[in-house]
Amino acid sequence: MGNGASSSNNGAPGHGGGESSHEIITGNGHDQGAILEASLMGHAEDDGLPNLAAAAVNSTSPFGDYFDFSIIDSTLREGEQFAMAHFDTAQKIKIAKALDQFGVEYIELTSPAASPQSRADCEAICKLGLKAKILCHIRCNMEDAKIAVETGVDGINMCIGTSSHLMSHSHGKDLAYIARTAASIIAYVKSQNIEIRFSGEDSFRSDFAEILKLYSLMDQLGANRVGIADTVGGATPLEVYEKIDALRQAIGCDIETHFHNDTGCAIANALVALEAGATHIDTTVLGIGERNGITPLGGLVAALLASGHEYVLEKYRVEKLADLDRLVGGIVQVEIPFNNFVVSA
Ligand SMILES: [Zn+2]
């Protein structure tokens, strides 16, 4: 418990009937084989473009439709891919505690299957008893899922490349194979009472009609969330709105988004994603990550404060942000930028 990211979205205008992730039991009792076949054979329901004007009219809260959302901070996963980041166990624990004090709903860790040290660190952070839920990022692979479950995490963020580029050059599997493998992992992880997210790496460059079909299937199989990732940081805000809105209308489960910042659009894309019906946003402290990183936690909070000041102040201890920036900046040896975001409590 403790999240309820989409519980307030029930019946929210413009949303596709989002339900509490903890109440979704659609996968149980269904014949997986039949669902797989029917879903991959069928047409994506939503081929039309979203109605931006209708979405604007439907805004009813300080945030429009997106007044209840969760931050998944990935400083200890995406951030580990930053060129200067080599966190030791003590540093990871310090960062996890500081993120928890700030109030992020989720902390994402590197796959415990990556190395014995990653596994030990994951176990140590799970034992801290933080309020934030602990997630780990894994490949779409049953062995990785079993290792992750053993560490005591609250949730698993499973990921596999779905763009034609990654399917032909990275793992060489097709969408039918991905669907079959993911289905068995979802069933296993859910049987352990752990949250599961399915995400296509590079999903913004994937065939979106196929993504809609695949994600609808994951929703039917009981995934708590699907994730959509702008892995190369090339998505524009309008494109993000159109795709998230189409996804929101096609599925009922939560939607996580992950935006790289190659073109400087990562904060804008995150905000637009929330407006279109996303429920979870990935961030890192100072935006650290692969290349020039992803949506920075401070930047997202600054942008959210502009739309719903009181609500954000209730949800997060924004006065802790400066210390968080200094803590992580000190560890990875980067200066706080002169044009860092203005967060006024
Ligand atoms: Zn990333």
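Reader: In strand 8, which way do His280, Asp282, Ile281 and Thr283 point, and are they buried or exposed?

Author: In a regular strand the side chains alternate between the two faces of the sheet. In this predicted model, His280 and Asp282 point one way from strand 8 while Ile281 and Thr283 point the other way, and all of them are buried.

Reader: Which strand runs parallel to strand 8 and is joined to it by four bridges?

Author: That is strand 1, which covers residues 70-73 and is joined to strand 8 by four bridges in the parallel sense; here Asp73 stands opposite Thr283.

Reader: How many bridges join strand 7 to strand 8, and which residue of strand 8 is the bridge partner of Thr257?

Author: Strand 7 and strand 8 (residues 280-283) run parallel and are joined by two bridges. Thr257 has Ile281 as its bridge partner, and Glu256 stands opposite His280.

Reader: In what sense do strand 6 and strand 7 pair, and over how many bridges?

Author: Strand 6, residues 225-230, pairs with strand 7 in the parallel sense over six bridges, and Gly227 has Glu256 as its bridge partner in strand 7. From strand 6 the chain crosses through helix 9, residues 237-250, to strand 7, and this β-α-β crossover is right-handed.

Methods
Residues are numbered from 1 along each chain as its sequence is written. This is a predicted model: local features need pLDDT of at least 70, side-chain atom pairs count only at pLDDT 80 or more; totals for chains, interfaces and linings use all residues. Two strands pair if DSSP finds at least two bridges between them. A crossover is right-handed if, with the strands pointing away from the viewer, the path from the first strand over the helix to the second runs clockwise. A residue is buried if 20 or more other C-beta atoms lie within 10 Å of its own, exposed if 12 or fewer, and partly exposed in between; C-beta atoms are placed from the backbone.
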